[in-house]
Amino acid sequence: MTATISKTVLSFPNPPAETEPTIGAEGGMRQAWNAVRVVAPTDAAVLILGETGTGKELIARAIHNQSQRRHNPYVKINCAAIPAGLLETELFGHERGAFTGALTQTTGRLQLADRGTLFLDEVGDLPLELQPKLLRVLQEQEFERLGSTRTIRVNVRVVTATNLDLMEMVRERRFRADLFYRLNVFPITLPPLRERSEDITDLVWHFVEKFATRMNRNIDVIPDEVMEALQVYDWPGNVRELQNVIERAVILSEGPVLHPPLSTLRARPRSPEPAAPRTLAETERDHIIEVLQRSRGVISGRNGAAALLGVKRTTLHYRMRKLGIKQKRVCMAAGEPA
């Protein structure tokens, strides 16, 4: 049996050409996409939270594309990908001669984003010494280049993202509390892919179509067992990992049927949901019922339930009353007359 192609792709009304389809808008990502629609028309700071690979940059770009700034620059910077010593220059720019090797004046990304949106990914990795400068931008919309005393005013909307617990970092004094509250005006939390399995089918078809078109392939069949394997896998790398798996699968598929390397997926199936912890009373009740069934409902005597449990007969009667255990029902379950 094979699955039939289904190209139901959800998108924003009249989205810009570069906008990704909003898969999950009616599924596991509904709350996040609804939040985007609410906050995008404003200029409020947005903090996007979620595990690596959940699509935080996609959300940030969607916020820009649905805002009044959509025809102005969208500038992004990954705070974890740039050495701390260079990050200040990347953000704020520097004047000629500001440090050894600064042969020309450099415009920072903050100024490049003027009248548009600045997306700071992995903002939890922003060094402490730079956090007051970013706070000033959020409060006053102004800054100075490195090596300059001239104040530059900008009109920038700041959107940030992180996979870290910023509140915990605030408690540990690794992140400024005042900056956190400025960034956290409108938080959006993205669920991991393992919690939105209903979106996997649409995501798989989206990536198949995307990479097949790019590689000039024609893939229109996904076997049922393949789709099932994709749906039960845990996806620790979230949507980014799924995208990479599908790209690899398209490369390996020579005909119209998708053939992903299932061995890599079967190695790490989705972890089952942990069972809710049982209360002490539930455990005790089940144990007493089990012993009563073994003694065929007999409580007293050498082979009675009280002796098997190592308690007095009166104690067992008290515990049975407290736990709602009826001797007659236990006898009936054991097939013995009461």
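This is a predicted model: local features need pLDDT of at least 70, side-chain atom pairs count only at pLDDT 80 or more; totals for chains, interfaces and linings use all residues.
Which residues are buried in helix α14 (residues 313–323)? Point 2 takes this up, after a word on the model.

1. **Helix α14.** The buried residues in α14 are Leu 316, Met 320 and Leu 323. They lie on the same side of the helix, because they cover an arc of only 75° around its axis. Look next at the face turned away from that buried side. Arg 321 and Lys 322 are found there, and both are exposed. Gly 324 follows α14 and has a positive phi, near 75°.

2. **The open sheet.** Five strands build an open sheet. Their order is β3-β6-β9-β2-β10, and the pairing is parallel. β3 and β10 (186–189) stand at the edges with a single partner strand each, so one side of each has no neighbour in the sheet. On average, neighbouring strands are turned by 20° against each other, direction ignored. As background, strands of a sheet pair through backbone hydrogen bonds, either parallel or antiparallel.

3. **Strand β2 and its partners.** β2 covers residues 46–49. Four bridges join β2 to β10, and the two strands run parallel. Ile 48 has Ile 188 of β10 as its bridge partner. Four bridges also join β2 to β9 (residues 157–162), again in parallel. Here Val 46 stands opposite Val 159 of β9.

4. **Aromatic pairs.** How many aromatic pairs does a search of the whole structure find? The search gives four. Phe 92 and Phe 143 form an aromatic pair that is tilted, with 5.7 Å centre to centre and 50° between the planes. This pair links distant parts of the chain, 51 residues apart. Phe 92 belongs to helix α3 (residues 84–92), while Phe 143 belongs to strand β7 (residues 142–144). Both Phe 92 and Phe 143 are buried.

5. **A charge over the ring.** Phe 92 has another neighbour to inspect. Lys 133 lies over the face of Phe 92, at 4.3 Å from the ring centre.

6. **Helix α3.** Phe 92 is one of the buried residues of α3; Leu 87, Thr 89 and Leu 91 are buried too. What covers the buried residues of α3? The cover includes the strands β3 (74–78), β4 (93–94), β6 (117–121) and β7. It also includes the helices α4 (109–112) and α5 (131–140). After α3 comes Gly 93, with a positive phi near 80°.

7. **Ile 251.** Is Ile 251 buried, exposed or partly exposed? Ile 251 counts as partly exposed, because its relative accessibility is 48%. Its place is in helix α10 (residues 238–252). Leaving aside residues up to four places away in sequence, Ile 251 touches Met 215 and Arg 217. The C-alpha atoms of Ile 251 and Ala 212 are separated by 8.5 Å, and these two residues are 39 residues apart along the chain.

Notes. Residues are numbered from 1 along each chain as its sequence is written. Side-chain values use heavy atoms; hydrogens and water are left out. Rings of Phe, Tyr and Trp (its six-membered ring) pair if their centres lie within 6.5 Å; planes under 30 degrees apart count as stacked, over 60 as edge-to-face and the rest as tilted. Buried means under 20% relative accessible area, exposed over 50%, partly exposed in between (1.4 Å probe, protein chains only). A charge sits over a ring if NZ of Lys or CZ of Arg is within 6 Å of the ring centre and within 35 degrees of the ring normal. Contact means heavy atoms within 4.5 Å. The arc is that of the directions from the helix axis to the C-beta atoms. Two strands pair if DSSP finds at least two bridges between them. Axes are lines fitted to C-alpha atoms, for helices over the stretch in contact, and angles run from 0 to 180 degrees between N-to-C directions.
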